[in-house]
Amino acid sequence: METLIEVNGLAKSFGKQLVLKNVNFRVKKGEIIGLLGPNGAGKTTFIRLLNGVIKSDSGLVRVKGLDPAQNGDEIRKISGIVTESAGLYHQLSGKENLEFFAGLYGVKDKGRVEGLLELFDLKEHQHKQAGKYSTGMRKRLALAKALLHKPEILFLDEPTNGLDPDGIEQVLSYLKKYNEETGTTIIICSHVLHQLEKICDSFAFIEQGTIAEQGTLAELEEKYVEVLTVNVNTTFQPAQGEFLGYPCRIISGNMVAFDLPSKHAIPELLQGLLQTDPIFSVIPANNDLQSIYFQVRRKFNGIVHQ
Amino acid sequence: MESFISKALVKKDLTDIVRSKTLLITMIAIPILFTVLFPALLMGSALFFDLEEIAGEDGRKLVSVFAGSSMGSAVSAYSLEQQMTYIFINYMLPTLFLLVPIITAMTVAANSFVGEKERRTLESLLFAPVSIHKLFLSKVAASFIPPFLVSIISFLVCGIIINVLGYPLFRELIFPSANWIVLITCLSPMVILLVVLVNIVISSKVKTYQEAQNIGGVIVLPVVGMLVGQISGLFLLGVGLILIISLGVLLVNLMLWHRISKHNDRFALFEKQIH
């Protein structure tokens with residue numbers, strides 16, 4: 001797949017504070033990538049650099065082959081962004097907000113505003129001032145604003161902040177569907193890791209101003225999950241601390257945790273258990289995005305999280 | 001050819017001004033004070049009270065300075081009370097009137113960039129594919145239109161009040177004089193543009209609207225100086241002087257405009273204003 005964004009050795013400081021250093025990053029065209037990291041890791045600064053609204057100190061940045069520092073407007077024409085603050089005009093109605101940004105981005109399609117209001121379920125509230133919108137409505141309006149000019153790249157900084165579970169589900173499933181239908185490349189910054197796991201094709205972990213790791217979930221699992229723990233709901237009660245040579249322990253009642261060398265050992269474990277006991281559920285406990293995220297952080301800078 | 005301004009931005013800013021209670025109140029209250037209350041008070045006083053007695057010795061001195069000047073012939077046929085009224089209407093009031101476009105332009109322009117920053121919308125503008133000089137020039141246009149319209153409307157309302165209340169005293173229409181005509185066609189637009197340009201530059205550099213207003217407020221001082229100069233009899237603001245001042249302000253405006261047109265540093269603006 002074609003590389004859309006390429007970053008090599010990027011560095012950026014504000015005064016004496018070094019915010020980004022030696023950042024190396026790749027995004028393929030059409031993928032959804034999660035940019036993960038703690039507060040202050042440099043995610044927002046990185047997105048601003050990619051959009052050419054601030055200038056890097058050193059390093060190479062190319063977005064669709066263009067340098068953001070030189071061809072910023074060209075990149076911003078093909079980019080849509082949802083910032084953390086949403087950047088909406090509270091004294092204008094939802095529809096007026098979209099009409100204004102449509103004018104600013106040179107959107108000629110008259111039906112685009114109406115279409116997006118409809119799509120994001122804002123038609124009923126289109127004449128209400130954006131300042132009177134609920135957080136969820138404001139986020140949806142900001143997303144509609146970012147999609148007005150049908151961008152090729154979508155930058156989303158905490159797009160689900162403040163949304164209720166229904167809102168989160170709605171926004172994320174829409175993004176996935178939009179990506180599949182249009183091939184738009186999407187970069188999402190978020191803290192809510194389990195939400196991203198469902199929709200992202202790959203992940204980049206930003207830590208202390210640099211990309212500590214990047215890859216698909218399978219690649220990351222391969223690299224970081226040395227011992228796979230699976231929690232099995234079963235009547236089996238281990239007399240010793242191991243079964244078929246795999247260490248195990250009772251977590252609670254019928255829940256037993258087994259430490260396996262990899263997921264390939266799961267069928268053998270289950271076959272062994274089923275010979276004597278029923279199995280009600282099997283849940284891998286440490287190969288999800290959140291577990292890998294902490295593993296990456298632990299490896300990168302020694303922070304220990306459970 | 002690409003346009004110099006973004007129509008969408010100008011339209012949005014104008015809507016914004018109309019919907020902002022603070023800005024709207026300033027744009028209504030200031031003209032009422034300077035172009036309705038002041039002339040109405042003077043003309044009413046001339047009609048119902050003895051203006052000579054109210055003005056006292058200082059007033060008579062001012063009239064004698066004026067009568068002795070090159071502009072004295074215009075009032076030679078008038079009574080002392082008519083002369084006092086005429087001088088106030090055509091020489092003092094235009095200076096006061098200038099405060100209308102100045103204060104309204106200052107209020108609107110000072111809000112232009114820092115207002116966006118305070119409402120956290122400047123980031124959205126800087127992320128849009130709009131050049132910085134286009135952004136500045138659109139802000140200039142949006143900040144120029146309201147005070148310009150306010151000054152025209154104020155001029156018309158002021159004229160109606162002066163003529164309606166002044167007719168019983170003069171038995172003729174004394175408004176607009178040549179002074180007023182050059183003021184509204186030359187000096188007022190130039191001064192509005194100057195205030196807008198200066199305040200927009202200030203607004204793009206400061207942290208808060210309050211700070212922008214405090215710094216931008218300095219621009220009122222030359223007008224106060226003009227008023228003091230006239231009241232003290234130091235100089236009288238005739239047509240020639242108004243034209244010369246307009247030309248001077250035009251030159252300053254051209255320099256500022258040239259500088260703003262060249263301004264294209266998105267990085268500096270973003271790093272200074274967005275956190």
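Which helix of chain B gives the most to the nonpolar patch? The legends below, which describe a predicted model, begin with that view.

**View 1. A nonpolar surface patch on chain B.** Helix α2 of chain B, residues 21-48, gives the most to the patch, with 5 residues. The patch covers about 480 Å² and is made by B:Val18, B:Leu24, B:Ile28, B:Ile32, B:Leu33 and B:Leu37. B:Ile32 has its place in helix α2 of chain B. This residue counts as partly exposed because its relative accessibility is 39%, and partly exposed denotes the range between buried, under 20%, and exposed, over 50%.

**View 2. The two assigned domains of chain A.** The domain assignment divides chain A into domain 1 (3-215) and domain 2 (226-286). Their C-alpha centres lie 42 Å apart.

**View 3. Strand β10 of chain A and its pairing partners.** Strand β10 (residues 228-234) is mostly covered, 6 of its 7 residues being buried. It runs antiparallel to strand β13 (residues 255-260) of chain A, to which 6 bridges join it. With strand β14 (residues 279-284) of chain A, β10 pairs in the antiparallel sense over 5 bridges. A:Asn231 stands opposite A:Ala257 in β13 and opposite A:Ile283 in β14.

**View 4. A salt bridge between A:Lys176 and A:Asp201.** The side chains of these two residues meet at 3.9 Å, N to O. A:Lys176 lies in helix α6 (residues 165-182) of chain A and A:Asp201 in the loop between α7 (193-199) and β8 (202-207), so the pair ties together parts that are 25 residues apart in sequence. A:Lys176 is partly exposed at 22% relative accessibility, as is A:Asp201 with a relative accessible area of 33%.

**View 5. A salt bridge between A:Arg249 and A:Asp259.** The closest N and O atoms of this pair are 3.0 Å apart. A:Arg249 belongs to strand β12 (residues 246-252) of chain A and A:Asp259 to strand β13 of chain A, and the two residues are 10 residues apart. A:Arg249 is partly exposed, with a relative accessible area of 40%, whereas A:Asp259 is buried, with 19%.

**View 6. A salt bridge between B:Lys139 and B:Asp13.** The two side chains meet at 3.0 Å, N to O. Because B:Lys139 lies in helix α6 (residues 132-170) of chain B and B:Asp13 in helix α1 (residues 7-19) of chain B, the pair ties together parts that are 126 residues apart in sequence. B:Lys139 is buried, with a relative accessible area of 1%, and B:Asp13 counts as buried at 6% relative accessibility.

**View 7. A salt-bridge network in chain A.** A:Lys95, A:Glu99, A:Glu114 and A:Lys123 are linked in a network of salt bridges. Over all chains, the whole structure holds 22 salt bridges.

How values were computed:
Residues are numbered from 1 along each chain as its sequence is written. Chains are lettered from A and ligands numbered from 1 in the order in which they are written. This is a predicted model: local features need pLDDT of at least 70, side-chain atom pairs count only at pLDDT 80 or more; totals for chains, interfaces and linings use all residues. Side-chain values use heavy atoms; hydrogens and water are left out. Patches are made of residues with over 30% relative accessible area and no salt bridge: like charges are joined within 9 Å, nonpolar side chains (Val, Leu, Ile, Met, Phe, Trp, Tyr) within 5 Å. Accessible areas come from the Shrake-Rupley method with a 1.4 Å probe; for residues, only the protein chains shown count as cover. A salt bridge is a side-chain nitrogen of Lys or Arg within 4 Å of a carboxyl oxygen of Asp or Glu. Helices (H or I, at least four residues) and strands (E, at least two) are DSSP runs, numbered from the N terminus. Buried means under 20% relative accessible area, exposed over 50%, partly exposed in between (1.4 Å probe, protein chains only). Domain bounds come from an automatic or database domain assignment. Two strands pair if DSSP finds at least two bridges between them.
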